[in-house]
Amino acid sequence: MTGSVPIWASEHHELLSGRGYPYHLSGEQIPKEVRLLTILDIFEALTAKDRPYKRPMPIEKAFSILESIVKAGDLDGEILGLFKESKAWEKVALE
């Protein structure tokens, strides 16, 4: 497990379909931790309030986009469901 975080960070643009980068990993080649980081990264990019080039997207619309990416076969729907259920994003959204 030592050294895993830098590997996860380097792979967080990988997609289940194999269309991601830098290694074009697919399916089970992508660790669950990376699948979670990918979802969190996209969610943050969509909803961030500190981006000078865009307004933050409403949470509902961000989840709608994430769900469409799941349907396209690029993100893990189970992990997205767990993230949505956890409501971990609510505290940040209120700040």
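Leu40 is placed in helix H2; helices here are DSSP runs of H or I with at least four residues, numbered from the N terminus. The model is a predicted one, in which local features need pLDDT of at least 70, side-chain atom pairs count only at pLDDT 80 or more, and totals for chains, interfaces and linings use all residues. Residues are numbered from 1 along each chain as its sequence is written, and side-chain values use heavy atoms, with hydrogens and water left out.

With a relative accessible area of 31%, Leu40 is partly exposed, a term for values between buried (under 20%) and exposed (over 50%), taken with a 1.4 Å probe and protein chains only. Together with Leu36 and Leu37, Leu40 makes a nonpolar surface patch of about 200 Å². Such a patch takes residues with over 30% relative accessible area and no salt bridge, and joins nonpolar side chains within 5 Å. A salt bridge would be a side-chain nitrogen of Lys or Arg within 4 Å of a carboxyl oxygen of Asp or Glu. The areas come from the Shrake-Rupley method with a 1.4 Å probe.

The loop between helix H1 (4-10) and helix H2 (32-47) holds Pro22. The peptide bond from Tyr21 to Pro22 is cis, and its omega is near 15°. His24 lies in the loop between H1 and H2, and its phi is positive, near 55°. Most residues other than glycine have a negative phi, and most peptide bonds are trans.

Lys87 also has a positive phi, near 55°. This residue is found in the loop between helix H4 (77-86) and helix H5 (89-94). Lys87 counts as partly exposed because its relative accessibility is 44%.

Technical notes: Helices (H or I, at least four residues) and strands (E, at least two) are DSSP runs, numbered from the N terminus. Patches are made of residues with over 30% relative accessible area and no salt bridge: like charges are joined within 9 Å, nonpolar side chains (Val, Leu, Ile, Met, Phe, Trp, Tyr) within 5 Å.
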